[in-house]
Amino acid sequence: MSTDQATDQATDQATGQTADQTTERAAQQPAGSLSDGAGGLSAELLAHGELTVRGQVREASNAVLYCTVAHEGASGPCVYKPVAGERPLWDFPDGTLAQREVAAYEVSRATGWGLIPTTVLRDGPYGQGMVQEWIEAAPPGEGAELLALTDEEEPAPGWKAVGFAEVGQGRTALLVHADDARLRRLAVLDAVINNGDRKGGHLLPTADGRLFAIDHGVTFNAEDKLRTLLWGWAGEPLTSEAVEVLGHLARELAAGAPLAARLAELITAAELDALRERVAGLIRTGTHPVPGGDWPPIPWPPV
């Protein structure tokens with residue numbers, strides 16, 4: 001079976017339901033959820049529960065299936081991304097995106113910031129894949145605004161400039177993001193995992209004030225691939241909290257440490273070494289990274 005055929009099987013043949021139906025089902029949070037993860041579902045539930053496909057997210061470039069998972073009386077909504085539904089990328093080995101998503105979660109978990117929903121690697125209805133807790137984002141206007149476009153030349157207080165963007169009919173506007181402590185933590189995490197695709201649509205603020213980030217398949221490349229909308233702190237000193245967290249990560253990434261051993265199961269030895277070097281570099285400079293010249297610094301489309 002070709003990759004395209006597998007993608008089609010893992011999406012269109014799986015359900016035939018629309019993204020609207022998926023969203024409607026996702027809003028119906030099942031009761032009795034087992035709660036010990038970053039959001040609400042435990043790794044045990046996600047890893048061992050029975051997966052039932054309910055719908056699909058059609059806007060995604062790879063197969064993304066909305067599911068429910070149930071185990072020993074507990075249940076909850078989740079996302080299942082089968083490896084069979086991953087489209088090849090020229091700069092990442094085939095069939096590794098699900099593992100990278102899990103690796104990103106493991107690093108996020110080690111920081112203690114809880115920015116990435118609980119994520120596991122397991123078998124499912126369409127083979128091995130990543131299973132992640134579904135996060136219900138706050139409706140527009142009910143959560144903190146994180147990104148905006150402005151006609152001003154400089155960001156307003158409480159905002160950080162990303163850069164100027166074409167908005168149609170020859171007009172440009174300044175793209176800004178909130179000067180938000182949660183986003184600043186995420187900017188550090190993205191620099192650590194070398195996130196090549198931090199878009200606005202990957203940011204999920206919740207009604208209770210938390211922030212989660214999703215879609216971490218293009219991470220951990222051994223080459224510098226950092227592409228993000230969170231450049232507002234570029235070149236600025238890291239917070240004391242971030243420096244402390246990076247020091248903890250450095251110890252957890254030492255040879256023989258549990259986190260290093262777990263990541264060795266998910267990414268290559270060269271990628272693990274590059275991860276250690278990025279953490280060491282951030283500690284050494286004490287500043288947020290600045291865009292490099294060899295790679296487009298902002299993902300496209302940005303949302």
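How many helices and strands does the secondary structure of the chain come to? It comes to eight helices and 10 strands. Both are DSSP runs numbered from the N terminus: helices are H or I with at least four residues, strands E with at least two.

The model is predicted, so local features need pLDDT of at least 70 and side-chain atom pairs count only at pLDDT 80 or more, while totals for chains, interfaces and linings use all residues. Residues are numbered from 1 along each chain as its sequence is written, and side-chain values use heavy atoms, without hydrogens and water.

Start with the whole chain. Of its 303 residues, 48% count as buried, meaning under 20% relative accessible area with a 1.4 Å probe and protein chains only; exposed means over 50%, and partly exposed lies in between. The chain exposes about 14100 Å², with 51% of that supplied by carbon and sulfur atoms. Among contacts (heavy atoms within 4.5 Å) with a separation of 6 or more, 67% join residues 24 or more positions apart.

Now turn to helix packing. Two packed helices are described by the angle between their axes and the distance between the axes. Axes are lines fitted to C-alpha atoms, over the stretch in contact for helices, and angles run from 0 to 180 degrees between N-to-C directions.

Take α4 (residues 97-111) and α6 (residues 240-252). They pack at about 120°, with axes 9 Å apart. That makes α4 oblique to α6. Angles under 35 degrees count as roughly parallel, over 145 as roughly antiparallel, 65 to 115 as roughly perpendicular, and the rest as oblique. V107, A110 and T111 of α4 meet V245, H248 and L249 of α6. These residues divide into four nonpolar, two polar and no charged. Ala, Val, Leu, Ile, Met, Phe, Trp, Tyr, Cys and Pro count as nonpolar, Asp, Glu, Lys and Arg as charged, and the others, Gly among them, as polar.

Helix α4 also packs against α5 (residues 181-193), at about 130° and with axes 11 Å apart. The two are therefore oblique to each other. A104, V107, S108 and T111 of α4 make the contact with L189, V192 and I193 of α5.

Finally, look at the backbone. Most residues other than glycine have a negative phi. E72, not a glycine, has a positive phi of about 50°. It lies in the loop between β2 (65-71) and β3 (74-82). At 72% relative accessibility, E72 is exposed. F220 also has a positive phi, near 70°. F220 sits in the loop between β10 (211-213) and α6. F220 is buried, with a relative accessible area of 0%.

Technical notes: Accessible areas come from the Shrake-Rupley method with a 1.4 Å probe; for residues, only the protein chains shown count as cover.
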